[in-house]
Amino acid sequence: FESDVPFSNVFGPNDATQLTTPTGFQLYFNKSNDQPLTAYLDNVQAVPVGAAAHWAKNDSASNWSDPTSWWGVVPDGAGDIAVFASAAFSSPELVTVDLPRTVGQIDFNFSNAYTLAGAAAITLDTTGGADAAVNVLSGSHAITAPLVLNQNVAVRVAPPGATLTLGDLTATGHNLTKTGLGTLVINRFRGNALSVTEGLVRLTPAADPSLPAALENVS
């Protein structure tokens with residue numbers, strides 16, 4: 001038995017013949033008739049293979065750059081997707097952005113809070129000029145690490161009672177659009193335009209006391 005074996009290794013490299021979209025799993029045990037068998041399955045996850053990487057840690061703090069923190073390759077490229085969903089933890093999870101990273105989309109989908117923190121910046125960028133995205137599908141979460149927008153970005157906070165808190169956003173020449181019924185809290189936004197189509201956006205005073213407000217140079 002081996003863990004973390006991609007489907008391409010099991011069924012071959014040809015997309016026309018290999019199983020590319022599993023719809024179910026079956027597990028078989030071979031044993032003799034006269035011997036008892038007790039089997040335990042723990043933390044079983046179905047993880048898509050491709051540009052999306054799923055956070056795999058379940059401790060209080062881990063580094064983004066650590067390969068063991070992810071199911072899949074560490075996300076760091078235009079168009080990559082970083083998914084922060086269930087990782088079997090029962091308290092808030094701190095993800096330290098220890099090195100500058102680039103992704104095209106960040107998804108949060110867990111009831112316990114994730115916080116992406118650190119001095120290194122997360123750059124939101126895509127290929128082909130498509131908009132980047134940050135999605136909150138469940139829970140309330142925060143990105144306190146600096147965010148740099150290299151594309152227009154759509155931020156969706158779907159649940160009505162959810163909140164996404166963002167720290168320092170730099171979006172020179174790019175726009176941010178808020179959708180979803182939840183609340184987006186922005187500590188500081190430096191960009192071209194901010195539009196709200198659903199829900200609420202709350203602008204808090206900037207961390208820099210010399211700045212009068214969180215919103216700068218926005219038309």
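User: Which residue is the bridge partner of Phe84 in β7?

Analyst: This is a predicted model, in which local features need pLDDT of at least 70 and side-chain atom pairs count only at pLDDT 80 or more, while totals for chains, interfaces and linings use all residues. Residues are numbered from 1 along each chain as its sequence is written, and side-chain values use heavy atoms, with hydrogens and water left out. Strands are DSSP runs of E with at least two residues, numbered from the N terminus, and two strands pair if DSSP finds at least two bridges between them. Here, the partner of Phe84 in β7 is Phe108. Strands β4 and β7 (residues 105–109) run parallel and are joined by 5 bridges.

User: Which strand do 3 bridges join to β4?

Analyst: That strand is β1 (residues 52–55), which runs parallel to β4. Within this pairing, Ala52 has Ile81 of β4 as its bridge partner.

User: Why is β4 described as largely enclosed by the rest of the structure?

Analyst: A residue is buried when its relative accessible area is under 20%, exposed when over 50%, and partly exposed in between (1.4 Å probe, protein chains only). In β4 (residues 81–85), 4 of the 5 residues are buried, so the strand is largely enclosed.

User: Which residues touch the most other members of the largest nonpolar core?

Analyst: A nonpolar core is a set of buried Ala, Val, Leu, Ile, Met, Phe, Trp, Tyr and Cys residues joined through side-chain atoms within 4.5 Å. The largest one here has 37 residues, and those touching the most other members are Trp64, Phe84, Ile106, Phe108, Leu116 and Ile122. Strand β14 (residues 163–179) supplies the largest share of this core, 5 residues.

User: What is Leu116 in contact with, leaving aside its neighbours within four places in sequence?

Analyst: Contact means heavy atoms within 4.5 Å. The partners of Leu116 include Trp64, Phe84, Ile106, Phe108 and Ile122, and also Val95 and Val97.

User: Is Gln151 buried or exposed?

Analyst: Gln151 is buried, with a relative accessible area of 16%, and lies in the loop between β12 (147–149) and β13 (153–157). A polar contact is a pair of N or O atoms within 3.5 Å; within protein, one must be able to donate a hydrogen and the other to accept it, and residues adjacent in sequence count only if both atoms are side-chain atoms. The side chains of Gln151 and Asp125 make such a contact at 3.4 Å.

User: Where is Asp66 placed?

Analyst: Asp66 is in the loop between β2 (61–63) and β3 (70–71). Asp66 is partly exposed, at 27% relative accessible area.
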